[in-house]
Amino acid sequence: MIDAAVLELAARQYGVLATWQLRELLGVSSAAISRARRSGKIVDLAPEVVRIASSPDTFAARCFALHLRVGHWGFLSGATAGHLLGLRSMPTTRVAVTVDRSFRRTMPTWSTVHPSSWLCIERDTQRGPGGMTVATPMRMIWGLAASFNQHRFERAAEDAWHLGLITPTAAIEYLEVHRCRGKDGVLRLEAWLERALGQRRPAQSNLERVLLEALDRCGLPEPIRQHQLALTGGEIVSLDIAWPDIRLAVEPGDSWWHGGDEGQRRDQARDRACNEVGWQVVRFDQTLRTDPDSAALQVARIHRQRTSDVRNVPGS
């Protein structure tokens with residue numbers, strides 16, 4: 001059964017094949033499929049979907065298996081779609097699909113199935129890796145809003161914004177159309193939009209969100225996020241967390257956003273340029289994760305000292 005045509009199709013599909021493809025597209029008989037199973041040349045990955053035994057059992061293979069299994073009844077969604085679209089820290093232990101609520105096929109134990117009464121393949125999906133049917137960014141974000149807690153959802157939403165997959169404006173339009181769909185998703189999406197609409201750009205790292213939450217617990221005045229500052233040479237820079245009244249900014253660093261060592265050198269040069277125009281910039285690296293509350297307390301002390309210094313400068 002395992003001839004060149006079978007291997008060629010399997011190679012395009014991460015090593016997996018639907019049994020209907022074997023029969024209808026490649027002319028393999030049911031008896032030959034059964035013999036290949038018994039001999040160990042193919043193994044069952046999902047009902048009516050097999051994997052070439054020599055191909056690895058990967059996340060991509062399981063995604064494609066569910067793509068074949070649900071067919072026109074649904075699409076890869078939620079955290080699975082987020083991972084395929086490039087979002088960070090999306091779980092891959094299970095594969096999520098959204099299906100029409102009339103879908104009744106048996107699914108593998110490693111899948112998470114979300115029945116939906118408002119499903120439109122043409123509107124809600126796009127082609128993903130290998131031609132898989134994947135949720136559009138906005139449908140993906142909606143699914144994450146309904147399944148993640150607020151902190152995880154906001155991180156995902158900011159990542160999607162940073163990657164250019166969504167914008168707050170597009171999210172508002174989507175929300176207005178689908179507001180009645182899924183109470184939890186609506187509340188989380190609204191809470192993120194309330195913050196995001198005051199920003200010109202997405203939060204530049206998860207560290208930024210962690211620190212903002214810790215600063216709020218310290219009782220500091222609410223800062224401006226992504227504050228625009230004109231430097232001496234005319235360049236406009238965006239400061240992650242800023243109190244313009246006292247010319248203080250905090251920049252939580254993260255290599256994923258800043259580009260490693262070269263990015264750090266650029267950041268240091270930018271900080272010096274900010275100092276030239278009277279701003280104090282406090283920068284944290286990724287060790288902030290271990291104790292954000294201590295970092296916030298340090299910022300609070302700097303804020304108090306900076307406030308006192310600025311008020312005591314004649315003409316301030």
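**Close-up 1. An aromatic cluster is formed by Trp118, Trp142 and Tyr174.** In this predicted model, local features need pLDDT of at least 70 and side-chain atom pairs count only at pLDDT 80 or more, while totals for chains, interfaces and linings use all residues. Residues are numbered from 1 along each chain as its sequence is written, and side-chain values use heavy atoms, with hydrogens and water left out. Rings of Phe, Tyr and Trp (for Trp, the six-membered ring) are taken as a pair if their centres lie within 6.5 Å, and the pair is stacked when the planes are under 30 degrees apart, edge-to-face when they are over 60, and tilted otherwise. The structure holds five aromatic pairs. One of them, the pair of Tyr14 and Phe64, has ring centres 6.1 Å apart and planes at 50°, so it counts as tilted. Tyr14 lies in the loop between helix H1 (4-12) and strand E1 (16-18), whereas Phe64 belongs to helix H4, so this pair ties together parts that are 50 residues apart in sequence; helices (H or I, at least four residues) and strands (E, at least two) are DSSP runs, numbered from the N terminus.

**Close-up 2. Trp118 and Trp142 form an edge-to-face pair.** With Tyr14 partly exposed at a relative accessible area of 31% and Phe64 buried at 3%, the terms are set as follows: buried means under 20% relative accessible area, exposed over 50%, and partly exposed in between (1.4 Å probe, protein chains only). The Trp118 and Trp142 rings lie 5.8 Å centre to centre, with 80° between the planes. Trp118 is in the loop between strand E6 (111-116) and helix H6 (121-124) and Trp142 is in helix H7 (residues 137-147), so the pair ties together parts that are 24 residues apart in sequence. Both Trp118 and Trp142 are buried.

**Close-up 3. Charged ends of Arg139 and Arg152 sit over aromatic rings.** The charged end of Arg139 is 4.0 Å from the centre of the Trp118 ring, and that of Arg152 is 3.9 Å from the centre of the Phe148 ring. A charge sits over a ring if NZ of Lys or CZ of Arg is within 6 Å of the ring centre and within 35 degrees of the ring normal.

**Close-up 4. Helix H4 spans residues 59-70.** At 1.5 Å a residue, the 12 residues of H4 should span 16 Å, and the end C-alpha atoms are 17 Å apart, which agrees; the expected span is 1.5 Å times one less than the number of residues. H4 is mostly covered, with 10 of its 12 residues buried, among them Phe59, Cys63, Phe64 and Val70. Just after H4, Gly71 takes a positive phi of about 55°.

**Close-up 5. Helices H7 and H9 (residues 168-178) pack at an angle of about 70°.** Their axes, 11 Å apart, are lines fitted to C-alpha atoms over the stretch in contact, and angles run from 0 to 180 degrees between N-to-C directions. H7 and H9 are therefore roughly perpendicular to each other, a term for angles of 65 to 115 degrees, with under 35 roughly parallel, over 145 roughly antiparallel and the rest oblique.

**Close-up 6. Glu154 is placed in helix H8 (residues 150-162).** Glu154 is buried, with a relative accessible area of 6%. The C-alpha atoms of Glu154 and Arg209 are separated by 8.6 Å, although these residues are 55 residues apart along the chain.
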